[in-house]
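Colleague: Could you walk me through how to read a few features of this model? Let's take them one at a time.

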Amino acid sequence: MANEQRIRVLIAKPGLDGHDRGAKVVARALRDAGMEVIYTGIRQTPAMIAEAALQEDAQVIGLSILSGAHLELFPRVVDELKQRGVDDVLLFCGGIIPQQDIARIKEIGFQGVFGPGTDTGDIIAFVKAHAPART
Amino acid sequence: MRAAELAKGVLAGDRRALARAISHVEADSAVGRELQATLYAHTGRAQIVGITGSAGAGKSTLVGALARDERKRGRTVGIVAVDPSSPFSHGAILGDRIRMQDLTGDGGVFMRSMASRGNLGGLSETATGVADLMDAAGFEVVMIETVGAGQDEVEIATAAQTTVLVTNPGGGDEIQSMKAGLMEVAQILVVNKSDLAGADTAVTQLKALLAIADPSAWRPPILKVVAKTGEGVPELVDRIDEHHAFMRSGEHGTRERRELARKQIVALTRAALHREALETAGRSGALAALVDAVAARERDPRSAAALLLDAVRREWAAELASR
């Protein structure tokens with residue numbers, strides 16, 4: 001397993017809510033599916049998330065949010081990524097995202113939106129199917 | 001992106017190019033190998049510092065504190081942090097950024113998390129190559145943090161010019177057990193969390209262990225540090241600088257540099273041999289046949305290993321002959 005391409009996923013929690021159980025469950029599931037998961041912890045600003053994604057050359061970014069500030073914060077994450085030229089990354093999110101907001105979130109570039117009750121197998125399958133190649 | 005273009009970006013300090021170049025080196029792709037070959041001539045300027053110690057000793061917190069102090073001194077910092085891969089799924093949780101969150105927004109810092117990917121020496125096989133890229137990109141200090149290391153994970157000595165061993169108060173027995181391994185490769189010993197009871201005892205124990213070690217030209221200093229508050233960190237940076245200057249000076253420095261070069265070549269050759277030999281043995285079916293024989297107790301593992309090596313040698317000779 002030394003020198004093979006592994007999917008690298010950044011899991012981050014933007015904003016001020018401090019509950020990261022969901023983020024950790026997803027991180028753990030992706031690890032058990034053979035991925036390398038960079039976990040950055042809670043209370044991340046959009047700039048911090050984008051900068052970490054750049055430095056880590058993550059192929060995939062998963063954001064978890066429970067505070068309700070997703071329509072505020074997600075576009076700013078996308079914007080910060082754009083500013084850094086990070087344009088080949090798969091975005092998905094989870095947490096408490098009301099049904100009526102999902103269309104808007106997909107529109108700004110989040111291909112996957114996974115609410116409470118999602119089977120982690122679905123997230124794994126989604127990431128494996130859509131993660132862009134790196135090398 | 002092609003290697004030449006990426007190399008140009010790395011040398012110009014383009015962070016995105018550096019990040020992608022690291023991915024290539026980590027994957028050991030053709031582009032990655034070309035990058036290493038081209039960029040090696042531009043390395044050797046950075047101070048390469050290894051941070052090792054057992055799990056929970058405070059390595060990540062200390063790396064964060066060191067980076068903050070180096071930044072105050074106006075130096076740029078690259079960080080390579082290695083966490084273990086699962087031997088079962090081969091996946092990994094890389095969590096070292098959590099302790100260094102405040103550094104993420106600093107343009108003078110670049111941090112990369114790596115998984116050990118089955119390497120047992122405390123690093124990943126490509127960690128040294130990644131540190132070299134950061135060196136080539138112009139970072140003045142490059143810190144390499146190992147996985148939680150016990151006794152034998154001494155590979156950091158092949159990657160870093162200065163190795164810092166992080167221990168804690170109350171780790172008496174643990175320190176005893178380190179004396180034959182990690183203790184010998186460290187040039188600086190740190191008692192982290194030294195605001196806890198027992199810090200002075202730990203220092204005394206380390207001193208006693210060093211006293212029975214071979215006297216060498218460099219006497220490893222022992223420092224009390226509280227990484228969380230930054231206490232003792234400026235002194236640690238001073239000691240690291242001193243060792244760095246020592247390594248650069250005179251005959252001793254030349255000898256150490258040659259020794260480091262030798263260790264790096266040997267480590268990479270060993271890893272490549274191991275991987276390629278097992279690939280060959282797996283492909284030819286030689287391994288499977290011997291596994292059957294040993295499992296049935298028709299043959300002992302020792303002679304099976306010798307036979308396997310013979311089979312690999314024959315395969316390789318035939319391969320070379322057909323070229």
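Modeller: Just after helix H1 of chain B, for instance, B:Gly13 takes a positive phi of about 80°. This is a predicted model, in which local features need pLDDT of at least 70, side-chain atom pairs count only at pLDDT 80 or more, and totals for chains, interfaces and linings use all residues. Residues are numbered from 1 along each chain as its sequence is written, chains are lettered from A and ligands numbered from 1 in the order written, and side-chain values use heavy atoms, leaving out hydrogens and water.

Colleague: Staying with H1(B), which of its residues are buried?

Modeller: The general idea first: an α-helix has 3.6 residues a turn, so residues three or four places apart point the same way. In H1(B) (residues 3–11), B:Ala3, B:Leu6, B:Ala7, B:Gly9 and B:Val10 are buried (under 20% relative accessible area, with exposed over 50% and partly exposed in between; 1.4 Å probe, protein chains only). Seen down the axis, these buried residues fall within an arc of 160° (taken from the directions from the helix axis to the C-beta atoms), so they line one face of H1(B). The face turned away carries the exposed B:Ala4 and B:Lys8. Covering the buried residues are, among others, helices H2 (15–27), H3 (30–39) and H5 (127–136) of chain B.

Colleague: And how many residues of H4(B) are buried?

Modeller: Ten of its 14, so H4(B) is largely enclosed by the rest of the structure. Among the ten are B:Leu62, B:Val63, B:Leu66 and even B:Lys59, B:Asp69 and B:Glu70. The cover includes E1, E2, E5, E6, E7 and H10 of chain B. H4(B) (residues 59–72) reaches 20 Å from first C-alpha to last, close to the expected 20 Å (1.5 Å times one less than its number of residues). A glycine with positive phi follows here too: B:Gly74, near 80°.

Colleague: You mentioned E6(B). What is B:Thr163 in contact with, leaving aside its neighbours within four places in sequence?

Modeller: Contact means heavy atoms within 4.5 Å. B:Thr163 sits in E6(B), residues 162–167, and counts as buried at 1% relative accessibility. Its contacts include B:Gly50, B:Thr52, B:Ile156 and B:Ile188.

Colleague: Now the sheet. In what order do the six strands come?

Modeller: Two strands pair if DSSP finds at least two bridges between them. Here the order is E5(A)-E4(A)-E3(A)-E1(A)-E2(A)-E3(B), an open sheet with parallel pairing. The edges are E5(A) (110–114) and E3(B) (92–94), each pairing on one side only. From one strand to the next, the twist averages 20°.

Colleague: Which way do the residues of E4(A) point?

Modeller: In a regular strand the side chains alternate between the two faces of the sheet. In E4(A), A:Leu90, A:Phe92 and A:Gly94 point one way and A:Leu91, A:Cys93 and A:Gly95 the other, and all are buried. Six bridges join E4(A) to E3(A), with A:Ser64 opposite A:Gly94. On the E5(A) side there are four bridges, and A:Cys93 stands opposite A:Val113.

Colleague: What kind of unit do E3(A), H3(A) and E4(A) make?

Modeller: A right-handed β-α-β unit: with the strands pointing away from the viewer, the path from the first strand over the helix to the second runs clockwise. E4(A), H4(A) (residues 102–107) and E5(A) also make a right-handed β-α-β unit.

Conventions:
Helix = DSSP H or I, 4+ residues; strand = E, 2+ residues; numbered from the N terminus. Axes fitted to C-alpha atoms, helices over the stretch in contact; angles between N-to-C directions.
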